[in-house]
Amino acid sequence: MTVEYRAGLEGIPATQSSISFVDGQKGILEYRGIPIQELAMQPGNTFLETAYLLIWNELPNREALAEFEHEIQFHRRLKYRIRDMMKCFPESGHPMDALQACAAALGLFYSKRALDDPSYIREAVVRILAKIPTMVAAFQLMRKGNDPVQPRDDLSYGANFLYMLSEEEPDPIAARIFDISLTLHAEHTINASTFSAMVTASTLTDPYAVIASAVGTLAGPLHGGASEEVINMLEEIGSVENVRPFLEDRLTRKDKIMGFGHRVYKVKDPRAIILQQLAEQLFEKFGQDKYYDIAVELEKAVEEKLGHKGIYPNVDFYSGLVYRKLGIPTDLFTPVFAISRAAGWLAHWKEQLAENRIFRPTQIYTGLHNSPYIPIEKR
Ligand code: CMC
């Protein structure tokens, strides 16, 4: 049987899933069948409701949601030994590396594994969603030489994260916009980090190893790391006048423009459309950002040059501007992405376990056969 090889597995189905759907030509994203605009912009929707929907395939009623929120609140704190471990991390290290180490360390403390027990699955889901924001915020404070602050039970999931990061209670509009942005990043079919989570899950290892491998995959600049690169790029451009010369230079050198292009979307990413609106709302309330005009001009220029190839802004293009206005440091953008994408990873972990078969693809061998061994003195 001849099997066609496609680099990056482009267009090759790796699983069957009912969690989310993308139509890259029409710019449609749905979570469990609900269009992303419909879900994220509902005044009553929250990130935790979205996570529940993704993981348990239903919108929770009032009681179920309240119980879930309560469980998350209860598990937000970190064991002091995890905080002690974090004290040994170099403050110059990247927060994604710190998060990956902390996620893996959870497996040391919660080592029981009962993958066929729904209460174990629930406990792991709750623990991971509850502790990731606390770990990200703790590293941020500890690298500045401060003690981490304790989570506040009276604050929502998103508001509590912003509070733990800045030690100040966030403005309700800022907290709401942050929560919507968590929903927008929560799930996106079989992207690289989700695939990584599924491959790890398929070995029936513990959920903390699943999340740690996904965090490691998300960190790269072609995936979650792009939002950080976008801000660095906007800083480098520096002015609206410099947008076109910068773009020409990058394209001549065949460099990618960060925050543009997508394996699946050939139109503007629907999440980028919403994030741009959120950025504008934030600027209206809290003052303009000088990089926004540069970003808008860059979008125009890229569309003129690369629109015919289907290169448009992806989710990472405007998310950095939103996070910046919320006071989140640039190198925390990807950890914040991880906070929300953990919901999608966990949904895929649970789906994978329900019908598991270990991933073991094949390869097309391009090497030699029957080669002689050459002794070291003759090499
Ligand atoms: N800037 C300039 N040209 C681009 C870009 C870009 N950002 N993206 C794709 N192209 C061109 C590419 O040069 C190629 O052109 P040609 O056919 O003439 O050789 C064509 O478009 C196809 O690109 P590709 O690299 O083969 O596409 P891919 O599906 O392998 O890669 C991608 C998708 C997202 C890795 C890529 O678009 C990219 O590197 N973008 C910049 C990084 C980025 O923003 N990543 C975030 C992705 S979305 C969120 C996430 O996954 O976290």
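Val 22 stands opposite Leu 29 in strand S2, within a predicted model in which local features need pLDDT of at least 70 and side-chain atom pairs count only at pLDDT 80 or more, whereas totals for chains, interfaces and linings use all residues. Residues are numbered from 1 along each chain as its sequence is written, and side-chain values use heavy atoms, with hydrogens and water left out.

Strand S1 (residues 20-23) and strand S2 (residues 28-31) run antiparallel and are joined by 4 bridges; strands (E, at least two residues) and helices (H or I, at least four) are DSSP runs numbered from the N terminus, and two strands pair if DSSP finds at least two bridges between them. The hairpin of S1 and S2 has 4 residues between the strands, and in this hairpin Gly 27 takes a positive phi near 70°. S2 is also joined to S3 by 2 bridges, again in an antiparallel arrangement, and Pro 35 in S3 is the bridge partner of Glu 30. Together, 3 strands form an open sheet in the order S1-S2-S3, with antiparallel pairing. The edge strands of this sheet are S1 and S3 (34-35), each of which pairs on one side only.

Helix H6 (residues 118-143) has 26 residues, which at 1.5 Å a residue should span 38 Å, and the 37 Å between its end C-alpha atoms agrees with this; the expected span is 1.5 Å times one less than the number of residues. H6 bends by about 30° at Lys 131, and Pro 133 follows within four residues, the bend being the angle between axes fitted to the seven residues ending at a residue and the seven starting there. Because 23 of its 26 residues are buried, H6 is largely enclosed by the rest of the structure; buried means under 20% relative accessible area, exposed over 50%, and partly exposed in between, with a 1.4 Å probe and protein chains only. Gly 145, whose phi is positive, near 90°, follows H6.

The structure holds 14 aromatic pairs, where rings of Phe, Tyr and Trp (its six-membered ring) pair if their centres lie within 6.5 Å, and planes under 30 degrees apart count as stacked, over 60 as edge-to-face and the rest as tilted. The rings of Phe 317 and Tyr 318 have centres 4.8 Å apart and planes at 75°, so this pair is edge-to-face. Phe 317 is buried, with a relative accessible area of 0%, and Tyr 318 is likewise buried, at 0%. One aromatic cluster is formed by Phe 260, Phe 283, Tyr 292, Phe 317 and Tyr 318.
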